[in-house]
Amino acid sequence: MAKQLIPDHRFGFRPKHGTIEQAHRLVQKIHEDFNNTHFCTGTVIDISQAFDKVWHPGLLYKLKQALPHPMYSILKSYLTDRMFQVKYQEEYTSLYTIHSGVPQGSIFGPILYSIFTADLSVSEQTLTATYADDTAILASHIDPIAATQRLQMHLEQLEQWLKRWRIRANESKSKHITSTQRRDGCPAVSLNGKIIPQETTVK
C-alpha cells in the first residue's frame, strides 16, 4: 500500500521491530545526550485497559480512511454486533453488546490497535517510542528547564489526542525520569492537570 499505516516509532508485532530494537533506540538517544552533557528527560505513559477500551466508531473511521473499501467492510463486519456473556457456576447473564475493545488473542487484535493509535501526536523536538500499548516520550536540552518545556509541550498535544479518541491515561502509574551526568534534575511535568510521578528507574 502507498500509505504507511504504522509509523516508524511503533515497535511490536512487526518483523525486526521487537523489544530489543526499541530499547537500543532509546539507549542510543540517552547515550548521545550523555556525550553532549544534555539533560534527557522523558515520560512513560500508562494507558488504562488499552486493548479493551479501543473506541469502535473511532477505529472504524480510521480503518475507512486507510483501507480499500472491501477490506474495510470485512473488518467492520468483524468488529460490529459482537456480544459477551458472563457465566458464574451454572448461571449465565444476559447477552450484552460490545462497544469497545479489540478481540484479544486474535491475530487482528494487535494490528487493529496499532492502526487505531498510529496517528499518535509526535513532535520534532522529542523522540517518541511506542511498543504495543506502551508509550515513551524523550526530550533533551543542555538546559533542564528547556528540556522539560519541550516534554510538557508534547504532553499537552498528547492530552488533546487522548481526549479526541477516548483513550484514558493513568497519570499515577505513568513515570517521569531524567537521565543526565549532571547533579541537578529537570522540573516536573503533568498530564491532564496531574503531576506525573518522578522516578529514578523505570521498566
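Among contacts (heavy atoms within 4.5 Å) in the protein chain between residues at least 6 apart in sequence, 69% join residues at least 24 apart. The model is predicted, so local features need pLDDT of at least 70 and side-chain atom pairs count only at pLDDT 80 or more, while totals for chains, interfaces and linings use all residues. Residues are numbered from 1 along each chain as its sequence is written, and side-chain values use heavy atoms, with hydrogens and water left out.

The protein chain has 203 residues, of which 41% count as buried; here buried means under 20% relative accessible area, exposed over 50%, and partly exposed in between, with a 1.4 Å probe and protein chains only. Its C-alpha atoms fill a box of roughly 60 × 45 × 30 Å, taken along the principal axes. Five helices and eleven strands are present in the chain. These elements are DSSP runs numbered from the N terminus, with helices being H or I of at least four residues and strands being E of at least two.

Five strands form an open sheet with mixed pairing, in the order β1-β7-β8-β2-β9, where two strands pair if DSSP finds at least two bridges between them. Its edge strands, each pairing on one side only, are β1 (10-11) and β9 (175-179). Helix α1 (residues 19-35) packs on this sheet and touches β1, β2 (39-45), β7, β8 (134-141) and β9. The direction of α1 makes about 160 degrees with that of β7; axes are lines fitted to C-alpha atoms, for helices over the stretch in contact, and angles run from 0 to 180 degrees between N-to-C directions.

Strands of a sheet pair through backbone hydrogen bonds, either parallel or antiparallel. Both senses can be followed here. The parallel sense is seen between β1 and strand β7 (residues 126-131), over two bridges, and Phe11 stands opposite Tyr131 in β7. By contrast, β2 and β8 run antiparallel and are joined by seven bridges, with Thr43 opposite Ile137 in β8. Strand β2 also pairs with β9 in the antiparallel sense, over five bridges. Six of the seven residues of β2 are buried, so this strand is largely enclosed by the rest of the structure.

With a relative accessible area of 18%, Ser179 is buried. Leaving aside residues up to four places away in sequence, Ser179 touches Ile30, Phe34, His38, Phe39 and Cys40.

Rolling a probe the size of a water molecule over the atoms shows where empty space is left. On a 1 Å grid over the protein atoms alone, a cavity is a set of points where a 1.4 Å probe fits but cannot get out, and a pocket is an open set with protein on both sides within 12 Å along at least five of seven lines; lining residues have an atom within 4 Å of a point. Grid points are joined across faces, edges and corners, and a volume is the space filled by probe spheres set on the points.

The largest pocket holds about 620 Å³ of space. It is lined by 27 residues, the closest to its centre being Leu26, Val44, Ala136, Val202 and Lys203. Two or more lining residues come from each of α1, β2, β7, β8 and β9. By class, the lining of the largest pocket divides into 13 nonpolar, nine polar and five charged residues, where Ala, Val, Leu, Ile, Met, Phe, Trp, Tyr, Cys and Pro count as nonpolar, Asp, Glu, Lys and Arg as charged, and the others, Gly among them, as polar.

The second largest pocket has a volume of about 230 Å³. Twelve residues line this pocket, and Lys62, Gln65, Ala66, Ile115 and Asp119 are the closest to its centre. Helix α2 (residues 56-66) gives the most to that lining, with four residues.

Two cavities of 30 Å³ or more are held within the structure. The largest cavity has a volume of about 100 Å³ and is lined by 13 residues, with Ile47, Tyr113, Leu120, Thr135 and Trp161 nearest its centre. Helix α5 (residues 144-164) gives the most to this lining, with three residues. The second largest cavity contains about 50 Å³ of space, and its lining includes Ile47 and Tyr113.
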